[in-house]
Amino acid sequence: MTTPFTDVDAAVEEGHFIQNTLNKTAYLVCNDNRDIYVLTEDQYAHEKWADHTVLEIFHPGGCNGDERVPR
């Protein structure tokens, strides 16, 4: 089960961890209650998350802060 993040900076850090360390796509999403979740692409594919709003997508090889990550 995925638990909501209470700290936006921690959620973004988790997204970057999934992106850069696990080399996977991560989604930062929220629901109508403004609960924030960080999901891998596999988790996001489940119907449970279909009504959540995507706030950010972290693609592997994407940015690392203001720096580009080599592929």
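Predicted model: local features only at pLDDT ≥ 70, side-chain atom pairs only at ≥ 80, totals over all residues.
## A short tour of the fold

**The nonpolar cores**

Leu28 also belongs to the largest nonpolar core, which has eight residues in all: Ala11, Ile18, Ala26, Leu28, Cys30, Ile36, Val38 and Phe58. Two or more residues of this core come from each of helix 1 (8-20), strand 1 (26-30) and strand 2 (36-40). Which element gives the largest share of this core? That is strand 1, with three residues. There is also a second, separate core of five residues, and Tyr27, Val29, Tyr37 and Trp49 are among them. As general background, nonpolar side chains in soluble globular proteins tend to be buried together.

**The sheet and its helix**

Three strands form an open sheet in the order 2-1-3, and their pairing is antiparallel. Strand 2 and strand 3 (53-58) are the edge strands; each has a single partner strand, so one side of each has no neighbour in the sheet. On average, and with direction ignored, neighbouring strands here are turned by 25° against each other.

How many bridges join strand 1 to strand 2? There are five, and these two strands run antiparallel. Tyrosine 27 has leucine 39, in strand 2, standing opposite. Helix 1 packs on this sheet and touches strand 1, strand 2 and strand 3. The direction of helix 1 makes about 5° with that of strand 2. In general, the strands of a sheet pair through backbone hydrogen bonds, in either a parallel or an antiparallel way.

Asparagine 23 is not a glycine, yet its phi is about 55°. Arginine 34 is likewise a residue other than glycine, and its phi is near 65°. The table shows where each of them is found.

| Residue | Loop | Phi | Relative accessible area |
|---|---|---|---|
| Asparagine 23 | between helix 1 and strand 1 | about 55° | 54% |

How values were computed:
Residues numbered from 1 in each chain as written. Heavy atoms only, no water. Core = buried A, V, L, I, M, F, W, Y, C linked by side-chain atoms within 4.5 Å. Buried < 20%, exposed > 50% of the residue type's maximum accessible area, 1.4 Å probe, protein only. Helix = DSSP H or I, 4+ residues; strand = E, 2+ residues; numbered from the N terminus. Pairing = 2+ DSSP bridges. Axes fitted to C-alpha atoms, helices over the stretch in contact; angles between N-to-C directions. Contact = heavy atoms within 4.5 Å.
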